[in-house]
Amino acid sequence: MPQNEYIEKHRRLFGRRLDHEELKRKKEGRLAHERSKYAQKVQGIRAKIFSKQRRNEKIQMKKTIKEHEERTNKHADGDVVDEGAVPSYLMDRQRVSRAKVLSNMIKQKKKEKAGKWDVPLPKVKPISEEEVFKVIKTGNKKQKQWKRMVTKVTFVGPGFTRKPPKYERFIRPTGLRFKKAHVTHPELKSTFYLDILAVKKNPQSYLYTNLGVITKGTVIEVNVSDLGLVTQSGKIVWGKYAQVTNNPEMDGCINAVLLV
């Protein structure tokens with residue numbers, strides 16, 4: 001028997017304490033108070049790590065609650081015949097069950113999470129790190145080479161604040177930061193100048209996605225609220241994904257095709 005399994009062996013032979021379940025319940029009850037006390041007391045980087053952890057837990061909890069609510073949804077039967085005459089403005093309306101709408105939304109979200117879209121450019125040419133990053137030499141003798149300057153077009157959010165220049169590892173030049181893109185709707189056959197919300201996925205590297213580097217084939221999220229697109233439930237679509245089809249650093253603009 002391995003040396004570290006003596007506790008498991010003891011439990012198998014003699015079982016747990018009689019009040020084990022009660023003590024466990026009390027400990028879980030105290031946990032909320034202890035975490036609250038810790039959250040009020042903690043400072044600095046530990047506070048940031050703790051708040052990020054709590055935020056992720058709350059998001060997961062809300063997703064779980066939402067899934068349970070969707071499971072117990074109510075939808076009208078499709079074969080119900082209305083009594084009396086139906087008004088003319090209701091004649092063309094189809095009865096879409098709420099459950100069907102929700103299931104379609106869940107499927108779409110799962111598809112987006114998995115990163116599987118029918119994209120205009122399924123394959124892109126790989127780009128080397130030497131092409132994307134330029135080595136910046138620092139220090140009195142210019143011997144330190146840990147800094148990199150991004151030579152491609154990037155996107156940073158509206159609330160972006162640079163780190164102090166001394167500690168900034170990846171430098172994203174202001175002249176190469178873009179906020180808008182020319183997005184073409186494939187069905188409407190028209191192009192719109194839309195705001196970029198985020199860089200969803202860069203096929204070259206996970207690091208480029210985090211840095212917001214936009215190259216050919218990158219999937220970006222754009223603000224389509226002005227186009228008047230609505231979901232099946234009648235809500236206005238705020239953000240939609242689009243794939244970049246040109247080399248922005250060469251053309252001086254971002255051209256993309258909306259993924260519908």
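**Aromatic pairs in a predicted model**

Phe 133, Phe 170 and Tyr 208 form one aromatic cluster. The model is predicted.

Q: How many aromatic pairs are counted when ring centres must lie within 6.5 Å?
A: The count comes to three aromatic pairs.

Q: Why is the pair of Tyr 38 and Phe 50 called edge-to-face?
A: The ring centres of Tyr 38 and Phe 50 are 5.2 Å apart, and the planes stand at 75 degrees. Pairing needs centres within 6.5 Å, and edge-to-face needs over 60 degrees. Both conditions hold, so the pair is edge-to-face. Tyr 38 sits in helix α2 (residues 20-41) and Phe 50 in helix α3 (residues 44-71), 12 residues apart.

Q: Why does Tyr 38 count as partly exposed?
A: Its relative accessibility is 36%. Buried means under 20% and exposed means over 50%. The value for Tyr 38 falls in between, so this residue counts as partly exposed.

Q: What makes Phe 50 count as buried?
A: Phe 50 has 14% relative accessibility. That is under 20%, so Phe 50 is buried.

Q: Why is the pair of Phe 133 and Tyr 208 called edge-to-face?
A: Here the centres are 5.7 Å apart, within 6.5 Å, so the rings pair. The planes are at 70 degrees, which is over 60, so the pair is edge-to-face. Phe 133 lies in strand β1 (residues 133-138) and Tyr 208 in helix α6 (residues 206-211), so the pair ties together parts 75 residues apart in sequence.

Q: How do you know whether Phe 133 and Tyr 208 are buried or exposed?
A: Phe 133 has 6% relative accessibility, and Tyr 208 has 2%. Each value is under 20%, so Phe 133 and Tyr 208 count as buried.

Note on methods: Residues numbered from 1 in each chain as written. Predicted model: local features only at pLDDT ≥ 70, side-chain atom pairs only at ≥ 80, totals over all residues. Heavy atoms only, no water. Phe/Tyr/Trp six-rings, centres within 6.5 Å; stacked < 30°, edge-to-face > 60°. Helix = DSSP H or I, 4+ residues; strand = E, 2+ residues; numbered from the N terminus. Buried < 20%, exposed > 50% of the residue type's maximum accessible area, 1.4 Å probe, protein only.
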